[in-house]
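Me: I would like a close look at one part of this model, followed by how the rest relates to it. Please keep the answer plain.

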Amino acid sequence: MSKGFFSSRPWLYRILLFVFAMLCSLVLWMYVTSVQYDDYSRSFNGVAVTFEGEATMRESRGLVITSVSDSSVRFTVSGNRGVISKLESANLNAVINLDTIKTAGTYTIAYAVSYPSGTDTSTLSVTSRSPDTVTFVVDDLVMKEVDVYGVFSGSVAEGYSVQDVQITPASVRISGPQESLDKVASAYVEVTRENVDKTLIYESSYILLDENGEQVTDSSIELETDSVTVTLPVTSIKEIDLAVNIIDGGGATSDNVTVSIEPSTITLSGDADTLAGVNSLAVASIDLADITEDTFIETYTISLPNDTELVSGSREATVTLEIKGLERETFSVTNFSVINVTEGYTAEVIQESLEVIVRGTEGALAEVADYNIRAVADLTDIGSATGIVSAPATIYVDGSAEVGAIGEYRVYVNVTAE
């Protein structure tokens, strides 16, 4: 057929080209279809062995798998090429059903091949396996309590200290085969926080340790709880000055005394808010009216603020008090009176005189006479007693604020019922 034939009939040329293209497409489709759906075989290596019903066997029958002969297997699958081409070793499983396992022992069971969800398995078959079966050991499940301890290995901010790590609960329960549990000696939490300046409380995982302190990693051991509460108590550290409360009396004031304390400071640890308000700590209150000598030395036990502990220093402090610039003089008191007599009773001081030591500056003492001094007996503690009693007496020096009696005094009083 000559060129001129198609030149005069272009429409016919186009029709022939269209028919030719359709024939090519049909041939290509028939080829692809024949390849896609023909029989095909493919081997899969390293397919993971899994156990179906392992949790149920553990919980309801108290059994646990302790060893497996093969963790993966190899098999060949034959069938439709299009279906098999979508499979990979990673999305296949060799599944062993544990429903028939009722007691501890060694079992050898053939596995079933599990395909991904949605796979058309109607044309697939396993034509070879290696190995054909899997052998595994089942042991009785055992429970064990192990103590949990914590160690702080971080750092603490300046001016603070950490106490022992506290773990709640103090022990945890683990379960597994006896052979595996025998490896475990304790559970351990490590606190690694840095520059800590406040108490920490948080949830933490823990690890199991053997008797040599090495970590135990055993997949057959199950933890009843996988976390514990960790408390790291952090306290403030502060140096505190020691002091003495001076009560003026006996003609002496704080201006007349010098006080030294040994030690002069102690270091405490405690809650930061508590110690923030503590700048000094009084070891004693001393009433100068009770000090009869120029030099007074006494050792006191230091009472620490609540919720604090002594870091350095002593729990006792020795106080040395010296009175300077004052004189003492003895007077005979004859002016007596009685207060706080119980209702329905009468009281009379039967003592004729009382020797009283008065202290003050030389000039102030020169202005004091016996008649300026009186003794007042207090019967508060006598109650309903009758007869002659010894009652404590307070000494007053009238007309002079710069002198005062020192020491303790008592007078005899006759108490009668009305």
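What is the order of the five strands in the open sheet, and what kind of pairing does the sheet have?

Reply: This is a predicted model. The strand order in the open sheet is E15-E13-E9-E12-E16, and the pairing is mixed. Strand E15 (207-209) and strand E16 (222-223) are the edge strands; each has a single partner strand, so one side of each has no neighbour in the sheet.

Inside the sheet, strand E9 (residues 142-152) and strand E12 (residues 171-176) run antiparallel and are joined by six bridges.

Glu-222 forms a salt bridge with Arg-58, with 3.2 Å between the closest N and O atoms. This pair connects distant parts of the chain, since Glu-222 lies in strand E16 and Arg-58 in helix H3 (residues 54-61), 164 residues apart. Glu-222 is partly exposed at 41% relative accessibility, whereas Arg-58 is buried, with a relative accessible area of 12%.

The search of the whole structure finds six salt bridges. Another of them joins the side chains of Glu-88 and Arg-42, at 3.4 Å from N to O. Here Glu-88 sits in the loop between H4 and E4 and Arg-42 in strand E1, 46 residues apart. Both residues are partly exposed: Glu-88 has a relative accessible area of 41% and Arg-42 has 22%.

A further salt bridge is formed by the side chains of Asp-398 and Arg-374, at 3.0 Å from N to O. Asp-398 is in the loop between strand E30 (387-397) and strand E31 (404-405), while Arg-374 is in strand E29 (residues 373-378), 24 residues away. Asp-398 is partly exposed, with a relative accessible area of 33%, and Arg-374 is partly exposed as well, at 28%.

Next, the nonpolar cores. The largest has 27 residues, and Phe-75, Ile-96, Ile-101 and Phe-136 have the most contacts inside it. Among the elements that each supply at least two residues of this core are strand E2 (63-68), strand E3 (72-80), helix H4 (81-84) and strand E8 (133-140). Strand E1 gives the most, with four residues.

Beyond its neighbours within four places in sequence, Ile-101 is in contact with Met-57, Arg-61, Leu-63, Tyr-107, Ile-109, Phe-136 and Val-138. Another core, of 26 residues, lies apart from the largest one; Val-358, Ile-373, Ala-377 and Tyr-409 are among its members.

Notes: Residues are numbered from 1 along each chain as its sequence is written. This is a predicted model: local features need pLDDT of at least 70, side-chain atom pairs count only at pLDDT 80 or more; totals for chains, interfaces and linings use all residues. Side-chain values use heavy atoms; hydrogens and water are left out. Two strands pair if DSSP finds at least two bridges between them. A nonpolar core is a set of buried Ala, Val, Leu, Ile, Met, Phe, Trp, Tyr and Cys residues joined through side-chain atoms within 4.5 Å. Buried means under 20% relative accessible area, exposed over 50%, partly exposed in between (1.4 Å probe, protein chains only). Contact means heavy atoms within 4.5 Å. A salt bridge is a side-chain nitrogen of Lys or Arg within 4 Å of a carboxyl oxygen of Asp or Glu.
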